[in-house]
Amino acid sequence: MIPFILKRLGSGVVVLLAVSILTFSLLYVSSGSIARNILGDQATPEQLAVKEAELGLDQPIITRYISWLTDALGGNLGASWFTSEPVANALATRIPVTMTMVVVAMILISIIATLIGVAAAVKRGWVDRVVQIGAIIGDSIPGFVIGIILVTILAIQMGLFPATSTIAPGVDASAWVLSLTLPVIALLINGVTGGAQQIRSAVIKQLERDYVRTLRSRGIGEREVLFKHVLRSAAPAGLTVLSLQLIGMLGGVVILESIFALPGMGPMAVTATIQSDQPVVMGVVMYTVAVVIVVNLIVDLLNGWLNPKVRVS
Amino acid sequence: MKLGPKAAAAALIVSAALALTACGGGATGANPAAAKTTTLTLGTVQEIRSWDPAQAHVGHILQPYQAAYDSLLLRQPDGKLSPMLATAWKYNDTNTKLTLDLRTDVTFSDGAKFDAEAAKANLDHFKTANGPQMAQLTAVTGVTVVDADTIELNLTTPDPSLEFYLSQAAGLMGSPKALGTEAIKTEPVGSGPYVMDKAATVKDSQSVFTARKDYWNKDLQKFQKVTFKTLTDLTARTNALVSGQVDATLLDPKTGKQAEGAKMTLAANQVDWQGLLLMDRDGAKNAPLGNVKVRQAINYAFDRKTILEQVLLGQGTPTSQPFGKESGAWTEELENYYSYDPAKAKQLLKEAGYETGVTLEVPSVPGFETQLAVVKQQLADVGITLNVGSALTNTFTSDIAAQKFTTMYFSLFQGEPWVAINQIVSTKALYNAFKNTTPELQAKIDAVQTGGKDAGKLAQEVNKYVVEQAWFAPMFRVNQMYYHNSKVTVTPQIQQAVPSIYNYAPAF
């Protein structure tokens with residue numbers, strides 16, 4: 001198990017390095033007018049030159065990259081070119097907002113999607129059809145549209161939830177929960193419908209396998225067959241879908257955070273990208289890639305734990 | 001979990017009903033306030049980069065700084081300048097030295113005293129801090145402390161907009177003890193009507209201010225608490241206003257309809273103009289543009305009123321001039337200088353020798369896709385082909401400076417005459433990318449610069465010149481759709497998309 005983890009971590013580092021080089025190069029292409037963007041329309045060429053030297057933009061790209069990498073390895077991600085806020089601070093205040101939303105949504109999706117998926121696979125008939133139709137509808141409506149519908153009805157018309165975030169220090173936990181409810185539901189609907197559909201297929205596939213018939217013929221109870229054997233065999237497919245959901249969610253969350261004015265990673269990533277705020281973009285990209293690598297690693301470990309065959313292959 | 005067919009049917013009906021009410025619109029968010037409000041919550045379109053006063057910006061980005069910082073001069077809603085930290089100010093005869101008398105009874109929130117040395121420290125800091133508005137003090141070579149309550153600003157050349165700038169970013173005064181420190185970037189230290197409540201402030205979400213005790217000018221301090229809630233997304237701003245989370249915010253014509261449905265009040269104000277910038281006026285890269293008749297033909301090709309109705313729901317005024325109505329450079333006669341006349345446009349193209357057609361290239365500017373489509377259609381009707389190129393990226397200001405675009409559709413601020421001249425007309429202006437000029441125009445610009453109090457009037461000549469020479473094809477001045485609820489009253493501020501902080505008051 002340990003060599004497996006080390007191998008995966010090793011390849012994760014290679015991926016991080018490759019992505020950092022790629023992102024850095026892409027940002028370099030569009031960094032031509034950073035100084036002017038910071039100093040405004042009326043800045044003189046001399047003032048622009050001073051700013052460029054200050055940001056190190058007068059150095060060759062290799063030098064700049066190596067200096068960024070050295071700092072990053074030492075734990076220093078630099079500071080925003082526009083706000084001077086250290087990138088590490090910026091990430092530290094925003095990651096909790098985004099991750100709270102994503103983690104809560106993922107836990108709920110895992111539970112609800114599994115229940116619905118299993119119910120559809122076992123009951124079939126009308127339950128199955130409702131799940132199938134729900135999956136199509138859920139997949140076809142983007143999360144932000146669901147978000148806007150939820151805000152219009154539940155926040156503006158009925159006043160049950162705040163229309164935009166009320167997250168602030170000192171505010172009691174209930175305000176937090178109310179602020180996060182609508183965006184989490186918007187994330188949930190896509191996730192649950194997609195996830196349930198995949199889990200349903202995986203469970204059906206297992207139910208048709210010979211070993212299920214054997215277990216049943218031995219008189220083992222239906223409940224035990226389902227939860228001890230079928231679900232365990234269907235889990236890898238389910239976990240893969242859920243991990244993809246989580247990674248996809250990191251994209252969906254960007255728009256939802258804007259609509260609900262949540263001070264998470266999304267708005268920061270968008271602003272930084274539009275401005276070509278290189279240190280911030282690099283920080284956001286590295287963090288996102290690291291999350292993806294970790295999620296994949298966890299999924300692989302869980303699969304290995306559930307199904308020892310995976311570890312060997 | 002067991003769902004019966006009845007439950008499933010009920011769920012379907014409920015969700016359908018919810019969806020239908022969503023489509024029905026017509027929110028009911030307005031609730032009349034019973035008592036006079038003591039708090040003001042504003043939805044702002046952008047997060048503050050840094051609270052260092054030298055990093056302050058124009059218009060809607062200036063507003064939050066006004067909570068924490070007093071400025072040397074105060075700009076009234078109609079644009080007149082009145083005393084604030086400076087009680088009187090006067091130019092010398094050659095308009096190259098501005099003397100300011102300062103208040104002596106003002107302290108900063110950290111206890112430091114405001115005096116001539118503090119004012120000098122701020123102006124010096126502003127000049128060297130490389131902020132986004134540092135060009136405001138370009139003409140100032142140095143600041144001299146005459147005595148404890150008098151300073152002199154020495155200029156290389158006259159700058160008719162300097163007094164205006166002292167009511168803007170360049171005039172904001174921070175505590176000399178805090179200037180240049182790291183702390184002031186996240187927590188402002190000024191002498192203004194409000195002080196930041198650091199504990200309640202969340203970066204990228206909200207900045208909270210409370211009224212400062214013993215503030216020297218109670219007239220400017222109308223609330224106990226002021227919150228700036230960062231809402232960069234238009235949908236979020238609309239939702240926050242309609243649901244009562246903010247008292248006032250900036251919307252657009254379409255979302256404005258929704259706000260009106262929720263009984264919000266519009267405080268409209270014209271700040272920007274939009275239209276075509278025909279930048280290659282010497283025909284350096286696109287020969288036909290060098291011909292004034294071609295540029296005039298372009299101007300005659302547009303049915304501005306119809307475009308405005310269709311694209312901006314009528315929220316604006318058609319115009320042929322790029323200078324703003326309150327700028328002093330505006331004249332009635334230039335308002336409809338180019339009326340919709342396709343026949344005349346064709347005639348002018350024929351006279352110019354371009355009967356067979358002219359081709360223009362414009363970049364695709366985000367947010368103006370609809371305008372560009374209509375412009376393309378109307379130009380095609382008179383025989384001009386408009387090719388919409390690739391989208392603008394964040395390199396666009398350098399691309400403009402590098403003369404990459406000969407023509408572009410854009411929205412531009414209509415500031416004070418000298419500000420506008422330096423933005424779109426003079427050879428230093430970014431939006432005069434090809435640095436076009438003539439001795440005749442330069443003489444008119446020079447007259448404005450040395451014109452002192454008559455600068456606005458003299459700028460009418462510059463305006464007339466660029467309209468007659470068709471340097472631009474302005475379409476309309478656009479209404480800023482600033483909405484507020486019934487708890488507060490709001491007075492629009494000229495040349496600002498959002499009002500100054502002093503223009504709000506509790507209703508009743």
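How many helices and strands does chain A have? This predicted model gives chain A 13 helices and 0 strands.

**Figure 1. Overall view of chain A, a chain with 13 helices and 0 strands.** Read along the sequence, the pattern is α-α-α-α-α-α-α-α-α-α-α-α-α. Along the principal axes, the C-alpha atoms of chain A fill a box of roughly 85 × 55 × 35 Å.

**Figure 2. Close-up of the packing of helix α1 (residues 2-29) against helix α4 (residues 61-73) in chain A.** The two helices pack at an angle of about 135°. Their axes lie 11 Å apart. The crossing of α1(A) past α4(A) is right-handed. From α1(A), the contact draws on Leu17(A), Ser20(A), Ile21(A), Phe24(A), Ser25(A) and Tyr28(A). From α4(A), it draws on Ile61(A), Arg64(A), Tyr65(A), Trp68(A) and Leu69(A). By class, this contact of α1(A) with α4(A) holds 8 nonpolar, 2 polar and 1 charged residues.

**Figure 3. Close-up of the crossing of helix α5 (residues 87-123) and helix α6 (residues 125-140) in chain A.** The axes of α5(A) and α6(A) come within 7 Å. They cross at roughly 135°. The pair α5(A) and α6(A) is therefore oblique. The crossing of α5(A) and α6(A) is left-handed. On the α5(A) side, the contact is made by Ile116(A), Ala119(A), Ala120(A) and Lys123(A). On the α6(A) side, Gly125(A), Val127(A), Asp128(A) and Val131(A) take part. Sorted by class, the contact of α5(A) with α6(A) has 5 nonpolar, 1 polar and 2 charged residues.

**Figure 4. View of the interface between chain A and chain B, with about 3,800 Å² buried.** The size of an interface is often given as the accessible area lost when the parts come together. Here, carbon and sulfur atoms give 54% of the area buried between chain A and chain B. Chain A puts 46 residues into the contact, and chain B puts in 46 residues. How many salt bridges does the rule find across the interface of chain A and chain B? The rule finds 1 salt bridge there.

**Figure 5. Close-up of the salt bridge between Arg94(A) and Asp204(B).** The closest N and O atoms of Arg94(A) and Asp204(B) are 2.3 Å apart. Over all chains, the count by this rule comes to 22 salt bridges. The pair shown crosses between chains, with Arg94(A) in helix α5 of chain A. Its partner, Asp204(B), sits in the loop between β8 (194-196) and β9 (206-211) of chain B.

Definitions and conventions. Residues are numbered from 1 along each chain as its sequence is written. Chains are lettered from A and ligands numbered from 1 in the order in which they are written. This is a predicted model: local features need pLDDT of at least 70, side-chain atom pairs count only at pLDDT 80 or more; totals for chains, interfaces and linings use all residues. Side-chain values use heavy atoms; hydrogens and water are left out. Axes are lines fitted to C-alpha atoms, for helices over the stretch in contact, and angles run from 0 to 180 degrees between N-to-C directions. Helices (H or I, at least four residues) and strands (E, at least two) are DSSP runs, numbered from the N terminus. A crossing is left-handed if the near helix is turned anticlockwise from the far one by less than a right angle, and right-handed if clockwise. Contact means heavy atoms within 4.5 Å. Ala, Val, Leu, Ile, Met, Phe, Trp, Tyr, Cys and Pro count as nonpolar, Asp, Glu, Lys and Arg as charged, and the others, Gly among them, as polar. Buried area is the accessible area (1.4 Å probe) that two parts lose on being put together, summed over both. A salt bridge is a side-chain nitrogen of Lys or Arg within 4 Å of a carboxyl oxygen of Asp or Glu. Angles under 35 degrees count as roughly parallel, over 145 as roughly antiparallel, 65 to 115 as roughly perpendicular and the rest as oblique.
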